[in-house]
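Let's take a friendly walk through this structure. Keep the picture open while you read.

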Amino acid sequence: MNKDLSTGLLLSASLALSACGKAPEPGSTSAVATETSAVAADPATDAKAAKVPQIEAKNWPLQPSPIARQPAVEEKIKALLAQMSPEQKVGQLIQADIASVTPQQVRDYYLGSVLNGGNSAPGRDNRVGPKAWLELADAFWQASTDTSDGRPYIPVMWGTDAVHGHSNVKGAIIFPHNIGLGAMREPKLLRKIGQVTAIEMQVTGLDWTFAPTIAVVRDDRWGRTYESYGEDPALVASYAPEILQGIQGEPGSADFLRGNHMLATVKHFLGDGGTIDGKDQGDNQHSEADLRDLHGLPYYSAIKAGARVVMASYNSWYGEKMHGFQPMLSDVLVGRMGFDGFVVGDWNGHGQVKGCTPTDCANALNAGLDMFMAPDSWQKLYDNTLAQVKDGRISMARLDEAVSRVLRIKAEMGLFEQVQPSKRPLAGKFDLLGSAEHRAVAREAARKSLVLLKNNQKLLPIKAGSKVLLAGDGADHIGKQSGGWTLSWQGAGNKNSDFPNGESIYAGLQGALAAGGGSVELSENGRFTSKPDLAVVVFGEEPYAEFVGDRAHLAFDDSRALQVLTELKAQGIPTVSVFLSGRPLWVNPELNQSDAFVAAFLPGSEGGAIADVLVRAPDGNIRFDFQGKLPFSWPADATGKPLNIGDTDYKPQFAFGYGLNYQDDVVVAKLSENSGISADLVVNFSRYLHAGKAVSPWQLHLIDGDQVTIVTDPQQQSATGALTSKATDRLQQEDSILLTFNAPATAAIAHAQQQQIDLARQANGDMVLELEYQLLAMPEQNGKVQLGMRCSADQPGCETQLDFSAYFAGQQGKGWQQLKIPLRCFTENNKAFDLTKISHPLLISAGKGLQLQLARVRLTENEGNGICGGGQ
């Protein structure tokens with residue numbers, strides 16, 4: 001592959017690293033290289049000659065550990081190991097999810113840590129208040145420190161994905177995602193963000209975050225692109241020390257990992273941003289030199305800055321899963337990079353190692369993984385790991401090495417001297433969550449993250465006295481502007497009321513314009529009561545996280561905003577687009593219909609930051625100028641082909657580092673609207689029906705016997721009249737559809753080009769099919785209501801139906817409701833059903849009399865309230 005321009009900087013930095021390495025730990029099974037040369041010859045030629053390249057540790061720069069071991073800590077570890085039974089040692093290496101473990105089990109199995117996954121929260125309520133978090137932290141701590149049976153005193157740790165603030169907890173500040181922070185080009189501000197995050201986490205009793213992500217993303221189709229600071233390894237490497245030391249403090253200082261600071265994690269080691277086609281958990285086939293020079297650089301800077309936990313990555317390198325890859329986990333990470341903390345796994349990631357399952361994986365521990373993240377598999381994994389220790393498949397030396405690494409970090413954190421979470425200095429100070437001071441930091445970051453792509457006729461900044469129309473589904477939606485990993489894993493289902501310390505873009509614009517005598521009219525669909533001076537349209541991607549966000553292309557496939565922009569332009573109204581996204585996307589049609597275009601990425605809970613930059617002060621002065629520069633190259637087509645600074649054939653729409661400000665006099669000419677992909681490849685996997693209308697490329701079909709009628713008009717009737725559809729009003733004109741069954745029939749969502757989609761991974765990720773509906777009447781004579789799916793046409797009979805008759809019988813007359821059906825329900829009902837070839841993601845079959853009003857059908861996450869039918 002082509003080298004990044006920063007490779008030269010990388011090699012200089014590599015050569016500058018100290019050649020003094022850390023000796024292997026006593027009893028280590030790691031084959032640690034001891035060469036003292038900083039950089040060996042590039043093995044590219046050998047790699048090409050070999051079918052599968054090998055990692056040669058000597059090719060990686062040698063760096064010493066920046067943190068000297070403390071004699072008192074080492075004596076404590078030695079004393080603890082002497083007291084601990086094999087059962088207690090194994091327990092320290094197992095991390096269970098709070099949804100699958102109780103405080104009593106933490107005590108019974110001597111567990112060393114717990115976590116809350118993206119959809120785990122106290123009482124299984126993702127929007128529970130902070131008090132419940134603190135109470136549960138106390139319960140786990142008290143269970144782990146009960147020494148009444150003579151066990152040694154070893155407190156539990158609680159880890160969480162605080163990836164953009166303490167984002168699992170209602171009321172906490174939500175910072176911009178990393179992609180926006182990378183656009184700031186201001187690493188020092190990351191230190192403040194880390195400090196705020198550490199403080200707010202400790203308010204709720206937690207002491208460990210699985211952040212920061214320091215991936216260097218080379219394919220923007222990856223669903224975790226927004227978790228990266230950018231495509232340039234030098235940029236990411238400059239950010240890693242600042243966010244890390246903001247969270248942890250500086251090594252050698254009295255408050256390192258203590259006081260207002262806490263434990264962080266750098267992730268995911270290594271190469272997660274370079275998988276083939278950007279596939280999450282996929283295979284990285286970069287050369288060893290590129291693995292080192294592109295993906296490894298941020299880890300050198302992070303370890304030098306005091307990283308104490310590294311998370312192993314899901315991805316593989318030429319088929320070798322990182323969770324079980326000793327050359328990287330031991331020979332390179334420990335032997336060459338100077339890492340002296342512990343390696344934690346990702347969510348059941350050890351189960352993907354060859355020869356392993358989530359409940360049985362000696363291979364990962366022997367390769368250098370120190371702590372299993374075993375959210376729901378922990379109990380059987382504990383039993384199997386203990387058995388493997390006792391029969392010698394895991395040596396006592398390796399077990400003691402891993403346990404020592406965990407205990408060393410607990411000692412450095414001061415956990416052995418800590419009191420229970422609720423009695424710590426910051427605990428329970430709930431007024432610190434989203435405090436004015438913390439909001440100011442988030443607002444500063446959000447406004448500095450904005451990138452101005454276009455400002456023709458210098459439409460921006462807006463005069464404070466202007467009359468503005470604010471349109472688009474992101475205009476008054478804090479959840480959408482915050483993205484995934486916000487209160488829940490996917491960030492779906494969040495309302496503005498779930499952010500008591502947040503502000504929407506609408507609220508911010510309203511305040512800024514009112515201060516200057518102006519006004520704003522909010523209208524999602526762009527219709528207005530009186531003609532505005534200009535319109536601001538806020539739109540973009542729906543929230544997502546991890547593999548759910550993987551894409552086959554980079555075409556923005558939601559045409560609603562384009563329709564609004566086109567209609568406004570036709571009326572002579574100047575338009576400003578504010579685009580919310582977790583990555584650059586091909587939006588040339590929207591860019592052409594916009595006089596000004598702002599890439600806002602995912603700015604978080606401080607929507608007022610948009611107005612800070614877009615609207616002039618009442619006295620006419622510019623309050624804040626644009627500062628952001630693109631951290632990722634913006635594509636000129638939608639193919640999704642990797643596009644990175646330094647490529648030999650580098651032809652972006654907007655280059656890495658591009659970003660206008662108010663002093664620039666740049667006119668963006670009309671852009672090509674040739675996407676580079678055929679329209680039938682633009683498959684929208686997750687949104688099937690919105691505002692009562694099928695979302696391209698999906699259609700609503702009325703199936704009457706063997707005849708199919710496609711719904712194209714506000715009123716439609718099936719072939720014999722068995723089923724009719726009618727556009728109806730809910731909140732706005734014709735924003736829902738009423739289905740009336742005059743005889744047995746089926747309404748279906750189907751692909752317009754009869755293509756298939758693969759929903760197997762979404763099923764594994766516990767995604768649900770969600771219907772937003774209102775039941776007006778049930779079928780006559782206790783008739784059935786079934787909801788199902790259908791496979792492709794080349795698989796006759798590949799269909800499954802779930803009986804929801806009893807469920808719907810209890811919903812009549814209750815107004816608008818949401819129904820969530822886990823995808824796994826469809827395969828549980830029919831074991832032969834093939835989720836990899838879905839042609840019809842929804843079938844509604846019923847007898848005469850059913851009247852069902854639908855507003856939306858989509859895929860979203862299961863927040864514990866999904867059902868498979870029946871009377872639930």
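## How to read the numbers

This is a predicted model, where local features need pLDDT of at least 70 and side-chain atom pairs count only at pLDDT 80 or more, while totals for chains, interfaces and linings use all residues. Residues are numbered from 1 along each chain as its sequence is written, and side-chain values use heavy atoms, leaving out hydrogens and water.

## The other disulfides

How many disulfides does the structure hold? There are 3. Counting bonded cysteines along the chain, they follow the pattern 1-2, 3-4, 5-6.

Cysteine 791 and cysteine 798 pair up with their sulfur atoms 1.9 Å apart. Cysteine 791 is buried at 2%, and cysteine 798 counts as buried at 8%.

Another disulfide joins cysteine 825 to cysteine 868, with 1.9 Å from S to S. The torsion about its S-S bond is about -65 degrees, so this disulfide is left-handed. Cysteine 825 sits in helix H23 (residues 824-829) and cysteine 868 in the segment after strand E31 (851-861), so the pair ties together parts that are 43 residues apart in sequence. (Helices, H or I with at least four residues, and strands, E with at least two, are DSSP runs numbered from the N terminus.) Buried or partly exposed: which is cysteine 868? Cysteine 868 is partly exposed at 28%, whereas cysteine 825 counts as buried at 2%.

Now look at helix H8 (residues 187-203) and helix H15 (residues 436-449): they pack at an angle of about 140 degrees, with axes 10 Å apart. Axes are lines fitted to C-alpha atoms, for helices over the stretch in contact, and angles run from 0 to 180 degrees between N-to-C directions. That angle makes H8 oblique to H15 (under 35 degrees is roughly parallel, over 145 roughly antiparallel, 65 to 115 roughly perpendicular, and the rest oblique).

Note on methods: A disulfide is a pair of cysteine sulfur atoms within 2.5 Å. Buried means under 20% relative accessible area, exposed over 50%, partly exposed in between (1.4 Å probe, protein chains only).
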